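User: I'd like to learn how to read a protein model feature by feature. Could you walk me through one?

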Amino acid sequence: MIVDRHGTPLAVTLTGGNRHDVTQLLPLLDAVPPIRGLRGRPRRKPRRLYADRGYDFDKYRRLLWKRGVEPVIARRGVAHGSGLGKVRWVVERTFAWLHQFKRLRIRYERRAHLHQGLLELACSLICLRRLRTSF
């Protein structure tokens, strides 16, 4: 899942439980819609990507730099205190919002497309709630 700085889901995908998260990094980045900002052409990608130690691979850092995205990824093997805790809680809060939906907290569906649909519906409801509170 990729979220903005307020915790609004921008892109979400569903994978098997035995897949590493970093395999979905680039497809998720490609799934992010254009980002509106100041006047002019909308941005196609975020400026920075914050991630935890699970994404600490030089290959993916290089690929992000090539795409014009600055990777801010905690290093493996380094003591905690990388400073990502200041921004990581936003993603954890979004996961908590998703876990408010019982069908997502415990996966009852056997078919992946049903669970994906419920996940996208929950993300839509989170976006709707964010829109209501911003006005």
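**Reading the model, step by step**

Analyst: Let's start with burial. Of the 135 residues of the protein, 29% count as buried. Keep in mind that this is a predicted model.

User: Then how confident is the predictor, and what is the mean pLDDT of the protein?

Analyst: pLDDT is the predictor's confidence in each residue, from 0 to 100. Here the average is 83, and 93% of the residues score at least 70.

User: Which elements have the lowest and the highest mean pLDDT?

Analyst: Helix H4, residues 102–105, has the lowest mean among the elements, at 81. The highest belongs to helix H2, residues 58–66, at 92.

User: Now the fold. How many helices and strands does the protein have?

Analyst: There are 5 helices and 4 strands. Going along the sequence, the order is β-β-α-β-α-β-α-α-α. The radius of gyration is 16 Å, close to the 14 Å that the globule rule gives for 135 residues, so the protein is as compact as a globular protein of that length.

User: What box do the C-alpha atoms fill?

Analyst: Taken along the principal axes, roughly 40 × 35 × 25 Å.

User: And how should I read the contacts? What share comes from residues 24 or more positions apart?

Analyst: A contact means heavy atoms within 4.5 Å. Among contacts with a separation of 6 or more, 47% are between residues 24 or more positions apart.

User: What about the surface and the charges?

Analyst: The accessible surface comes to about 9,800 Å², and carbon and sulfur atoms hold 53% of that. As for charge, the protein has 30 positive and 10 negative charges, and their mean positions are 5 Å apart.

User: Let's go to single residues. Is Gln24 buried or exposed?

Analyst: The cut-off first: buried means under 20% relative accessible area. Gln24 has a relative accessible area of 16%, so Gln24 is buried. Its place is in the loop between strand E2 (9–11) and helix H1 (25–31). Leaving aside neighbours within four places in sequence, Gln24 is in contact with Thr13, Thr15 and Arg19.

User: Where is Ile35, and how accessible is Ile35?

Analyst: Look in the loop between H1 and strand E3 (48–51). The partly exposed class lies between the buried limit of 20% and the exposed limit of 50%. Ile35 has a relative accessible area of 27%, so it is partly exposed.

User: What else does Tyr55 touch?

Analyst: Not counting residues up to four places away in sequence, Tyr55 touches Asp21, Val22 and Leu25 as well as Ile73. Tyr55 is found in the loop between E3 and H2. With 18% relative accessibility, Tyr55 counts as buried.

User: Let's finish on helix H5. Which residues does H5 span?

Analyst: Helix H5 covers residues 112–134, and Gln116 has its place there. At 18% relative accessibility, Gln116 counts as buried. Beyond residues up to four places away in sequence, Gln116 touches Val12, Thr13 and Leu14.

User: Is Ala122 buried or exposed?

Analyst: Ala122 is also a residue of helix H5. Its relative accessibility is 2%, so Ala122 counts as buried. Ala122 touches Leu98, Phe101 and Leu104, again not counting residues up to four places away in sequence. In contrast, the C-alpha atoms of Ala122 and Lys66, 56 residues apart along the chain, are separated by 33 Å.

User: And what does Arg129 touch?

Analyst: With residues up to four places away in sequence left out, Arg129 touches Gln100 and Phe101. Arg129 is found in helix H5, and at 43% relative accessibility it counts as partly exposed.

Note on methods. Residues numbered from 1 in each chain as written. Predicted model: local features only at pLDDT ≥ 70, side-chain atom pairs only at ≥ 80, totals over all residues. Heavy atoms only, no water. Helix = DSSP H or I, 4+ residues; strand = E, 2+ residues; numbered from the N terminus. Rg over C-alpha atoms; globule rule 2.2 N^0.38 Å. Buried < 20%, exposed > 50% of the residue type's maximum accessible area, 1.4 Å probe, protein only. Areas by Shrake-Rupley, 256 points an atom, 1.4 Å probe, with all protein chains shown as cover. Lys, Arg positive; Asp, Glu negative; His and termini not counted. Charge placed at Lys NZ, Arg CZ, Asp CG, Glu CD.
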